[in-house]
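The following note sets out some points for discussion on the model shown below.

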Amino acid sequence: MKTILALETSCDETAVAILRGRELLASEIASQIAEHEKYGGIVPEVASRNHLIQAPRLLERVACSGKIDISNVDAFAATSGPGLASSLMIGVSIAKGLATGFGKPYLAINHLEGHLLSPFFSDGEVKPNVSLIVSGGHTMLIRVHGLAGYELIGRTVDDAAGEAFDKVAKMLGLGYPGGPEIEKRARGGDPARFNLPRSMLDSENFSFSGLKTAVRYLFPKLHGDFLPDLCASFQQAIVDILVRKTIAAARKYNVDLVTVSGGVSCNQDLRWQLGAACARKGFEFKSAEPWLCTDNAAMIAFTASLRLQAEFESKVTEEIDPNLALA
Ligand code: KG4
Ligand code: ZN
């Protein structure tokens with residue numbers, strides 16, 4: 001049974017996890033949201049400096065809570081892309097240093113593969129499926145044949161779904177990240193009150209910028225207690241687009257299983273409506289557990305463990321890739 005230590009520093013969360021076999025011994029995340037809030041967005045240099053401060057602390061914490069001596073770890077992994085170059089470098093450099101120092105394998109992991117495989121975290125075996133990845137930086141449909149066998153079906157041509165939640169939340173004067181803020185306000189709202197556009201419904205790609213613009217034009221004209229209805233209508237438009245395209249892809253590629261992952265898949269309406277649509281159409285449905293949906297190192301450790309088992313290994317000379325593709 002192999003013990004893997006993984007670091008995730010692709011954006012503004014520093015995360016470290018230790019996985020032994022299928023058992024998660026420790027998983028720690030330090031969020032930098034507060035640091036970046038005062039600048040109104042993520043400042044890359046602030047992010048990398050914070051990773052540099054947080055990563056050693058989290059390494060100590062996971063070793064302590066996982067009751068493991070780092071010298072007993074069998075392999076070290078880190079997210080090597082996609083993400084912010086100066087952030088990726090921190091986790092990757094630490095993992096490479098540990099792997100070299102202890103003479104153990106190093107695995108460079110694609111952040112998107114981490115999300116993609118997270119619905120299988122508790123079973124440990126990847127089955128063929130059509131997968132929707134919905135996060136702050138990505139919205140894509142992937143045909144999964146098995147570990148490392150991925151084909152891109154469609155992706156967003158403009159904003160990611162999470163980015164649309166974040167931008168609309170900012171427009172409405174709500175906090176960051178916008179997804180949970182909008183979901184909270186949408187409770188009890190009427191999702192049919194505002195007729196917002198659902199773009200490119202017949203394409204395998206996604207577009208959310210028209211929806212965002214529609215809210216921008218509508219919002220100044222509204223009066224009274226419109227916020228719950230506006231949030232519910234916006235959220236429903238996103239859910240409709242995601243559910244419709246995912247089901248269409250599952251039918252086209254004739255799979256038995258549909259999976260969803262990434263930060264936006266924390267959204268209860270999305271989970272419930274996609275699950276219900278799959279049940280109606282006869283597809284099995286799997287979503288990552290909510291704690292595994294937003295960025296974390298457990299999904300990176302899990303992906304690394306499957307790759308190690310399948311005898312993939314990376315060279316310590318391998319570079320980070322801010323634009324690393326999944327398929
Ligand atoms: O996967 P993630 O942590 O980071 C990226 O890799 O991008 O996703 C973060 C995104 C943010 O845009 C956030 O607003 C969105 O996930 N998100 C949600 C919810 N929770 C997080 N969107 C909708 N509903 C939620 N409950
Ligand atoms: Zn992510």
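A pocket here is an open set of points on a 1 Å grid over the protein atoms alone, with protein on both sides within 12 Å along at least five of seven lines. A molecule sits in a pocket if more than half of its atoms lie within 2 Å of its grid points. The model is a predicted one.

1. **Location of the ligand.** The largest pocket is the space that ligand 1 takes. Ligand 1 is surrounded by 20 residues. Gly136, Asp166, Gly179, Glu183 and Asp295 are the closest of these.

2. **Polar contacts.** The backbone of glycine 136 places a polar atom 2.8 Å from an oxygen atom of ligand 1. Histidine 115 has a polar side-chain atom 3.3 Å from an oxygen atom of ligand 1, and for a polar side-chain atom of serine 135 the corresponding distance is 3.5 Å. Of the 550 Å² that ligand 1 exposes when taken alone, the protein buries 90%.

3. **Composition of the shell.** How do the residues around ligand 1 divide into nonpolar, polar and charged? Eleven are polar, six are nonpolar and three are charged.

4. **Origin of the shell.** At least two shell residues come from each of helix H4 (111-117), helix H5 (161-171) and helix H6 (178-186). H6 gives the most, with four residues. In terms of domains, domain 1 (3-118 + 292-309) and domain 2 (128-288) each contribute at least three residues to the shell around ligand 1.

5. **Cis peptide bonds.** Most peptide bonds are trans. Glycine 81 and proline 82 are joined by a cis peptide bond with omega about -10°; proline 82 is placed in the loop between strand S4 (75-81) and helix H3 (85-102). The bond from tyrosine 176 to proline 177 is also cis, with omega near -5°, and proline 177 belongs to the loop between H5 and H6. Both of these helices supply residues to the shell around ligand 1.

6. **Positive phi.** A negative phi is found in most residues other than glycine. Lysine 67, although not a glycine, has a positive phi of about 50°. Lysine 67 is found in the loop between helix H2 (44-65) and S4.

Conventions
Residues numbered from 1 in each chain as written. Chains lettered and ligands numbered in written order. Predicted model: local features only at pLDDT ≥ 70, side-chain atom pairs only at ≥ 80, totals over all residues. Heavy atoms only, no water. Near = heavy atom within 4 Å. Polar contact = N/O pair within 3.5 Å; in protein donor to acceptor, adjacent residues only side chain to side chain. Areas by Shrake-Rupley, 256 points an atom, 1.4 Å probe, with all protein chains shown as cover. 1 Å grid on protein atoms, 1.4 Å probe; cavity = no way out; pocket = protein on both sides within 12 Å on 5 of 7 lines; lining within 4 Å. Nonpolar A, V, L, I, M, F, W, Y, C, P; charged D, E, K, R; others polar. Domains from an automatic or database assignment.
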